Amino acid sequence: MPDGPVLEASELTKIFRLPRTAANPLRQQTLRAVDGVSMQLFAGATAALVGQSGSGKSTLVRLLSQLEHPTSGTIRINGEEVSASWGRSYRRYTEQVQIVLQDPYASLNPGFRVGRSVRRPLEIHKVHKTRAEREAAVRQLLEQVKLTPPEFYASKFPHELSGGQRQRVAIARSLAVNPKVLLADEPVSMLDVSVKVEILRVLNECRENLGLALLYVTHDIASARWCADTISVMYAGQIVESGPAEEVTQRARHPYTQLLIRSTPDPASGQPANGAKPEDGVTQGSAPETVGCRFRANCPSAMAKCAADEPPVVPLSAGQWVRCWLYAPENGPPAG
Amino acid sequence: MTAVFQPTDPAQATTAAATPAASLSSRLWVNTRGMLTPSVIAGLAILGLFVVIAIIGPYIAPDDPSATTAAILQGPSLHHLLGTTQTGQDVLSELLVGTRASMLVAFLAGAVATALAVLIGTASGLIGGLADELLSVLTNIFLVIPALPLAIVLAAYIPNGGEIALVIVISATGWSWSARVIRVQALSLRKRDYVLAARASGESRMRLIFVDTVPDLLPVIAIQFLSLVLFAILTEAGLAFLGLGGTGSWSWGNMLYWASEDTAWSQGAWWWFVPPGLCIALVGTSLALINFGADEVLNPRLRSARIARSNRASAAEPPSSAAGPELGAGPAAGDSDADVLLEVRNFTVTYRTDDGAVRAVRDVSFDLHRGEVLGIAGESGCGKTTLAYAICQIQRPPAVIEGGSLLYRPRADAAAPVDLLTMTAEDRSKYRWEEMAVVFQSAMNSLNPVIDVQNQLTDSLTSHRPDWTKQERNARAAEVLAMVGISGSRLHSYPHELSGGMRQRVAIAMALVLEPSIVIMDEPTTALDVVVQREIIEQLTELRHALKFSVIFITHDLSLLFEFADRIAVMYAGSIVELGKADRLYRQPAHPYTLGLGTCFPNVSGPLKTVRGIPGSPPDLRSLPDACPFEPRCGYRLPVCGTRQPQLTFGRPPLHDQTLVACFLHDPEQAASLPAGLIPGQASNA
């Protein structure tokens with residue numbers, strides 16, 4: 001495996017057209033759900049994508065899995081640019097890039113036994129020649145996600161399993177074709193606290209054993225710190241800060257990352273610092289501002305410059321970077 | 001402390017929870033058994049009888065139905081069991097022979113119309129795009145044309161075509177409504193996650209439609225088929241009665257046509273037109289009965305309504321109060337009664353389902369103090385939400401409060417507390433919301449979409465403060481809205497104009513509008529982002545200091561409770577396993593389950609702590625063994641844990657007087673067998 005990224009997205013942008021409103025029927029309003037996002041996933045590493053709901057992280061996952069297509073920007077797998085939606089080229093793409101969805105109660109066909117759900121990708125991609133080989137592969141996949149004895153679980157219907165067990169089945173299914181990249185879209189947010197840890201462990205083990213490039217999408221920055229090598233923080237369709245997990249969580253630079261960390265329940269931190277409390281709460285929707293910094297309306301350190309110009313990407317030490325005027329070289333050393 | 005934690009084999013624990021006994025065959029059997037409601041059995045019996053007659057009718061008919069005799073217009077007799085017609089034909093023979101034609105037309109037309117509906121509905125719903133729009137236009141055109149007049153016109157153009165013509169006419173006029181139903185269903189199936197997941201695994205478009213989605217449409221298609229057969233049998237009768245069914249053969253509709261032509265009614269020959277009419281009504285009824293039954297099975301909501309009906313009598317009985325005198329001095333000891341606002345004792349709630357009783361809340365006792373935030377934590381399925389609903393007495397069938405008492409002390413000096421379980425329905429509705437209000441997890445989605453914020457807020461004032469003027473009510477609405485941090489300019493906003501966080505604040509404002517002394521919050525921030533959650537929690541902290549109400553805060557997020565709650569009750573398998581001050585539970589968890597929950601979430605600040613989690617999953621509440629329910633997942637289990645249930649008692653020193661815990665590790669009788677330092681909560685893990 002070369003040292004380059006397995007999956008590389010450059011300048012991905014997705015613009016959705018919104019339904020015309022009765023108040024303004026002539027103006028076509030658009031939503032920049034994903035706005036110029038570049039991202040690299042490396043074999044054997046976990047990259048976390050952290051953001052609130054509506055920040056565009058699920059849209060980004062759909063773009064990366066080619067379930068949807070970007071308005072602009074490119075996706076390269078092993079250096080080769082790919083754009084596919086159906087047919088053989090798409091099937092070849094799904095052999096490399098697989099996805100685990102958020103809701104294990106919805107992502108498994110209720111009428112299929114576990115064995116059939118896991119076996120199906122093997123049949124589609126003709127991974128094995130004989131039925132016996134396929135059955136053996138299904139057993140091995142179920143064991144890999146710790147559903148033992150595999151025969152017992154293969155004969156179950158999804159409704160007979162708990163949420164955590166279903167999510168393991170979904171993971172086993174996504175690993176069936178031996179992908180290089182696994183995109184996990186909030187894989188534990190629907191699960192119980194005690195189960196979350198187990199599922200993240202299973203994902204982590206599979207990444208290690210199979211050399212997967214894992215993208216862990218979450219709204220929980222604490223879990224990202226625990227299980228990812230790098231963290232990218234997304235706000236309103238843009239990545240505002242990115243870097244090694246410890247750097248981003250322990251030396252957060254972007255005011256939004258700082259707010260996110262302050263807001264996360266953490267009994268160890270003692271009393272939480274009181275952040276800025278904008279009236280009516282922080283805007284959750286995507287792209288609240290279209291010119292300048294997206295976050296400035298909620299930012300305690302907003303300056304005149306933030307409204308006028310798009311903030312620059314400022315590289316920091318240890319591979320960390322931040323998209324914020326506070327750290328621009330002409331501002332001198334940051335005050336906060 | 002960490003060294004002694006030995007996770008049990010997760011596979012062992014999960015296998016136990018996965019109900020291995022429930023094989024597919026038994027599941028199907030339960031389903032069919034559930035489907036055979038009395039109405040379905042009756043419907044099937046009637047329909048079966050007619051199917052048999054349709055098959056053997058022509059062979060057992062006593063006479064040739066078309067043969068005329070001299071015995072004209074005779075009433076029922078031994079010779080002609082159902083009498084004769086104007087031309088001396090035997091009515092019974094006509095009926096028996098006509099059953100075949102009527103049933104054949106009905107089922108054939110039903111089948112053809114269903115096939116049309118499935119073809120057009122699924123194509124429209126699953127392919128989408130332009131095909132969907134064109135097919136929808138076609139469906140809508142057929143929908144707006146009244147079916148019977150269209151059938152009459154069509155039938156007139158196919159004269160004397162007999163049964164085939166009838167089948168064509170009826171199916172052409174009947175398919176559109178069903179096609180629409182199937183299209184809607186197919187549309188929703190297409191958007192399901194598992195269809196998306198199948199696509200992401202590389203499945204082809206055809207297989208996505210025919211393997212992943214169409215099988216899930218079968219129940220809907222079956223119901224549509226029955227409805228179309230019903231439509232066909234009525235339309236056939238109507239057309240034949242009008243003389244449009246072809247007069248060459250015998251059917252029920254034809255019999256009515258001739259009876260009408262030959263003025264049977266004015267001659268009082270009831271035996272001529274009543275039997276075919278009755279047959280049509282009976283077949284229609286049988287189809288409707290089967291449809292209702294199938295609907296009930298396929299729509300779980302209707303099903304639970306049935307259970308509710310059967311449980312109503314028992315649910316109405318006042319539950320027996322099992323609180324003994326010693327309980328007053330039990331868990332509540334150490335608290336002066338004056339400080340206690342709500343006293344929950346031996347509270348038990350059970351779901352009475354078809355598969356047996358699920359004991360969701362078992363023997364729960366706790367006190368809610370004035371002005372405190374009591375957190376209730378636990379995994380999903382531990383009974384925390386059931387407990388919240390039952391305390392408000394808004395539990396829905398099949399949940400039934402089986403025992404215990406709920407004593408409410410509105411004022412510190414009140415001599416006798418009010419028992420909320422035995423109060424009259426009228427008192428209860430007054431008490432509810434006035435004294436105790438609820439904020440649900442989904443509250444932000446349950447605001448009425450067509451009412452603005454101000455009217456949502458004044459709604460309860462209108463019923464509980466009837467003497468207030470409109471101005472007073474509106475002023476109060478503005479006041480509580482300001483309390484939850486929303487500006488007055490939002491008073492006339494509608495729910496869809498607010499963000500999720502703001503809607504949840506409105507739901508909290510609605511709960512506070514009557515100044516209740518207890519606010520029960522069931523996962524009020526779980527659906528929100530952490531930033532919004534933080535804002536709401538800070539707001540709540542300010543509000544309860546200002547307004548002095550007590551909060552029961554239910555969540556699965558123990559780390560949130562550590563920061564926000566005064567005391568925490570940890571629930572497992574329907575019971576409280578640990579109850580104590582929040583900081584104590586954080587620093588010195590006494591129950592192995594609390595300890596495990598504390599290691600489930602990573603920390604975001606400071607050095608990264610070990611995240612361990614709890615192996616396995618919670619037990620099946622239908623079949624709890626007489627043992628500690630946490631025993632299979634517990635890393636500290638003793639031999640005694642598998643033999644009986646531990647009681648909620650005070651922890652061992654230094655937890656004495658501070659923490660109540662249900663665990664044999666804290667049982668003095670077991671003390672001798674424990675190695676020193678093994679008991680959780682005795683060594684500080686902070």
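Here are some questions and answers about how features of this predicted model get their labels.

This is a predicted model, in which local features need pLDDT of at least 70, side-chain atom pairs count only at pLDDT 80 or more, and totals for chains, interfaces and linings use all residues. Residues are numbered from 1 along each chain as its sequence is written, chains are lettered from A and ligands numbered from 1 in the order in which they are written, and side-chain values use heavy atoms, with hydrogens and water left out.

Q: What makes Arg168(A) and Glu198(A) a salt bridge?
A: The term asks for a side-chain nitrogen of Lys or Arg within 4 Å of a carboxyl oxygen of Asp or Glu. The closest N and O atoms of Arg168(A) and Glu198(A) are 3.6 Å apart, and by this rule the count over all chains comes to 31 salt bridges.

Q: Why does the pair Arg168(A) and Glu198(A) tie together parts that are apart in sequence?
A: Arg168(A) lies in helix 6 (residues 163-175) of chain A and Glu198(A) in helix 7 (residues 193-210) of chain A, so the pair links parts that are 30 residues apart in sequence. Helices here are DSSP runs of H or I with at least four residues, strands are runs of E with at least two, and both are numbered from the N terminus.

Q: Why is Glu203(B) called buried?
A: Buried means under 20% relative accessible area, exposed means over 50%, and partly exposed is in between (1.4 Å probe, protein chains only). Glu203(B) has 4% relative accessibility, so it counts as buried.

Q: Why does Arg207(B) get the label partly exposed?
A: Its relative accessibility is 29%, so Arg207(B) counts as partly exposed. Arg207(B) also forms a salt bridge with Glu203(B), where the closest N and O atoms are 3.2 Å apart.

Q: What are the labels of Arg345(B) and Glu343(B)?
A: Arg345(B) has a relative accessible area of 2%, so it is buried. Glu343(B), at 9% relative accessibility, counts as buried too. The side chains of Arg345(B) and Glu343(B) meet in a salt bridge at 3.9 Å, N to O.

Q: Which residues do salt bridges that share partners join into one network?
A: The network holds Arg119(A), Arg120(A), Glu123(A), Glu135(A), Glu203(B) and Arg207(B).

Q: What makes Phi of Asn346(B) worth a look?
A: Phi is near 50°, a positive value in a residue other than glycine. Asn346(B) sits in strand 1 (residues 340-353) of chain B, and at 15% relative accessibility Asn346(B) counts as buried.

Q: Where does Glu11(A) lie, and what is its Phi near?
A: Glu11(A) is in strand 1 (residues 7-17) of chain A. Its Phi is near 50°, a positive value in a residue other than glycine.

Q: What joins Thr148(A) and Pro149(A)?
A: They are joined by a cis peptide bond, with omega about 0°. Pro149(A) has its place in the loop between helix 4 (131-144) and helix 5 (150-154) of chain A.

Q: How do helix 4 (residues 91-127) and helix 5 (residues 129-144) of chain B pack, and at what angle?
A: They pack at about 145°, with their axes 7 Å apart. Axes are lines fitted to C-alpha atoms, for helices over the stretch in contact, and angles run from 0 to 180 degrees between N-to-C directions.

Q: Why does Val52(B) count as partly exposed?
A: Its relative accessibility is 45%, so Val52(B) takes that label. Val52(B) is found in helix 3 (residues 38-60) of chain B.
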